[in-house]
Amino acid sequence: MASSIKGPGAVQSYNGAGLRIAIVHARWNDRLIDSLIAGAKGQLLEAGVKEEDIVLESVPGSYELPSAAQRIIHTAQDSENNTAFDAVIAIGALIKGETMHFEYISAAVSQGLMRVQLDTHVPVIFGLLTLLTEQQGLERAGLAGARRHNYGEDWGRAAVELGVKNREDWVAGGCRSALG
């Protein structure tokens, strides 16, 4: 059997000590979501992010993820006690049904999360699974199947990597306020 070319490639280890990460997640398809959150959080902790520096925020469904990500970023940036986030992981799972609903929600959430990332200059990790079947979800949440892998772990590592790189850019560029 040929190996897959999918995946993040060579994984470099980054030190997440001192990073503050938000995980914004949908509650819809909670069995998948809970596993993905656990995978992401496990990698954050393994990389040195402190438990108290991981903030969880839930919303009813994936459609609300961009608004929640934007709100949590802005609320933290406006805080007087310097609690800005270094990255946000947005986690949701959409499973195709019999109507066009899936396509509209997938496109809207994808574009919304990209907009939040570009507007705020805070990395937003795209943790939206767009699935054709429930089985695909179980495999991607690491819960079942021969090809099971918890994608949340990849998202946790990506958040640490981008959080570290973003901080390096801030230090080189002066400070966060220089970003706008």
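Modeller: The sheet is open, with 4 strands in the order β2-β1-β3-β4 and parallel pairing. This is a predicted model: local features need pLDDT of at least 70, side-chain atom pairs need 80 or more, and totals for chains, interfaces and linings use all residues. Residues are numbered from 1 along each chain as its sequence is written, and side-chain values use heavy atoms, without hydrogens and water.

Biologist: What makes β2 (54–59) and β4 (124–131) edge strands?

Modeller: Each pairs on one side only. Two strands pair if DSSP finds at least two bridges between them.

Biologist: How do you know that β1 and β2 pair?

Modeller: Strand β1 (residues 21–26) and β2 share 6 bridges, in the parallel sense. The definition asks for at least two, so they pair. Ile-21 has Ile-54 of β2 as its bridge partner.

Biologist: Why are α2 and α3 called roughly parallel?

Modeller: Helix α2 (residues 65–77) and helix α3 (residues 101–120) pack at about 15°, with axes 8 Å apart. Angles run from 0 to 180 degrees between N-to-C directions. Under 35 degrees counts as roughly parallel, so α2 and α3 are roughly parallel to each other.

Biologist: Which residues of α2 and α3 make the contact?

Modeller: Contact means heavy atoms within 4.5 Å. Among them are Leu-65, Ala-69 and Ile-73 of α2, and Val-109, Leu-113 and Val-116 of α3. By class, the contact of α2 with α3 has 7 nonpolar, 5 polar and no charged residues.

Conventions:
Parallel < 35°, antiparallel > 145°, perpendicular 65-115°, else oblique. Nonpolar A, V, L, I, M, F, W, Y, C, P; charged D, E, K, R; others polar.
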